[in-house]
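These are my notes from one sitting with a structure. I wrote down what I looked up, entry by entry.

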Amino acid sequence: MASHYEAPIRKPLVLGDKSYHDVTVDIAAPVEGRANKHWWIVFSIALVAFLWGVGCIIYTISTGIGTWGLNKTVNWAWDITNFVWWVGIGHAGTLISAVLLLFRQKWRMAINRSAEAMTIFSVIQAALFPVIHMGRPWLAYWVVPIPNQFGSLWVNFNSPLLWDVFAISTYLSVSMVFWWTGLLPDFAMIRDRAVLPFQKKIYSLLSFGWTGRAKDWQRFEEVSLVLAGLATPLVLSVHTIVSMDFATAVIPGWHTTIFPPYFVAGAVFSGFAMVNTLLIIMRKVCHLEAYITVQHIELMNIVIMITGSIVGCAYITELFMAWYSGVEYEQYAFLNRATGPYWWAYWAMMSCNVFSPQFMWFKKLRTSIMFSFFISIIVNIGMWFERFVIIVTSLHRDYLPSSWSMFSPTFIDIGIFIGTIGFFFVLFLLYARTFPVIAQAEVKTILKSSGEKYKKLREAGKPLYQINGGSVVKENVEAAAEIKSDEMDVASLLDSIGTFDSSKDTADDLKMVKGIGPQMEKTLNKIGIFTFAQVSRMTEKEYNLLDSITESFPGRAQRDDWAGQAKKLNNK
């Protein structure tokens, strides 16, 4: 019986009989290989949308903001709706990484990298709208508190626009440092596997000299925890500041203290929905089903269900406070939302945000990939309508009936919004082709406690009286099959490079080949490789066989050109 207690593995977070080498190869594959057909289809659609948006932005800047559907009454509409929507989507990335890291949740490791990237790309989209809305975006630097060509003219720190500038810039900078820090071990992994000198040089610069020493990992852990501690309050503060743009106004429907927590809950809600959308697409396009499992999707759906319920409570609280306040303007604002000209937007918001997440109470539905994908898109649509309802319906009818008006978006408004969606997916797809989309080093740390292969091995190690005879036989058969597979690989390798006959041949000092140390030399000797002549016959096929047999330092033999080195040493 084991001398210490080991908690059972409930559900593996990594499916399949994955070894450490398999994890490296699978996660590096999208970066090292060519883009598949699915990637090119999605990228082409996103690029067309992005180019359309660029055209609309150029037309807006060259002609003026009058190309938008704004008017004197509704001077905030489509643009600020999109701004708040994108900022909200950016929230969940840092939340998943930072908060779940602080709580030591293992399931974050397969999804945190994509969530962090989503944060950065969505905040970039959000920043576009206030800049364009200025009307003269070439003077955007005026919001930065630095001396300018007018001498002592400084920015107005009371302006809500400046609050957004500081909130977004702080959030973006901390998120980027947090994201980049987590990428360092993965950049080093790509660097060590790179064959092309240019690629090796680029990833060497990106990895900041990461060597994988204990000191590197110690600093990595410390910095990650510090950044997570900084990012967590930022998640709350950024959208709280955005909500203050509205809550400090005297417009009916805006002037309320519930906005900060309400906006934060809504941001987390929409952010998790977007993460779910991206994960479901990426696990299919990049063939990562073994790492982004149904269990990950289910846990995300549970968070969506909880935050959706919080948002629903916020809606009810708003209605109650409007009634309880006795202020007729507030009461009319909410009555107008539900029954006025924009009633369709209000009920689309309620249907998508309050009713649709409740289907996640059923396990069969929240573990369905297609249903999860559908609901995540529905939630994102609903959260966009929420921002539209808050902004437009509160502005188009306020205190004076004489100033009431309707807002209708122009094709320019719609084109810029579609362009930002295209820009977001262009950035995300390019990121997926150049950066590892899963934190392979972190996934390896949970492999023995959350991997399917190690679950079987640990279960087989229980006392015999606890193991069903059939399962023992099955484990033995699997183990025998694995050994047989290794023997076949060794035989195939030696058939290609030749065998060593100790009675006729003399063993060479393989350590003279750069990349072969004492331990690797022992490993090669165990396989049956003793001479430079054998090593010099290796090609890509033999290198791959060697990697699969040793499962250590994948790709090193090919990168260091062992065959070329051995050929020179053999001819001396």
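Which residues in α8 meet which residues in α14? I looked up the pair and found that Met274, Leu278, Ile281 and Met282 in α8 meet Phe424, Phe425 and Phe428 in α14. A contact here means heavy atoms within 4.5 Å. By class, the contact of α8 with α14 has seven nonpolar residues, no polar and no charged ones. Nonpolar covers Ala, Val, Leu, Ile, Met, Phe, Trp, Tyr, Cys and Pro, charged covers Asp, Glu, Lys and Arg, and the others, Gly among them, are polar.

Before going on I noted the ground rules. I am reading a predicted model, where local features need pLDDT of at least 70 and side-chain atom pairs count only at pLDDT 80 or more, while totals for chains, interfaces and linings use all residues. Residues are numbered from 1 along each chain as its sequence is written, and side-chain values use heavy atoms, with hydrogens and water left out.

Next I looked up the whole chain. I found 23 helices and zero strands; these are DSSP runs numbered from the N terminus, helices being H or I of at least four residues and strands E of at least two. Of the 572 residues, 50% count as buried. Buried means under 20% relative accessible area, exposed over 50%, and partly exposed in between, with a 1.4 Å probe and protein chains only. Among contacts in the chain with a separation of 6 or more, residues 24 or more positions apart account for 78%.

Then I went back to the helix pair for its geometry. Helix α8 (residues 259–285) and α14 pack at an angle of about 50°, with their axes 13 Å apart. Axes are lines fitted to C-alpha atoms, for helices over the stretch in contact, and angles run from 0 to 180 degrees between N-to-C directions. α8 and α14 are therefore oblique to each other, since angles under 35 degrees count as roughly parallel, over 145 as roughly antiparallel, 65 to 115 as roughly perpendicular and the rest as oblique.

I also looked up α2 (residues 37–63) against α14 (residues 411–434): the angle is about 140° and the axes are 6 Å apart. This pair is therefore oblique. The residues of the contact of α2 with α14 divide into 20 nonpolar, five polar and one charged.

My last entry is Phe208, in the loop between α6 (197–206) and α7 (214–247). Phe208 has a positive phi of about 55° although it is not a glycine. Most residues other than glycine have a negative phi. At 61% relative accessibility, Phe208 counts as exposed.
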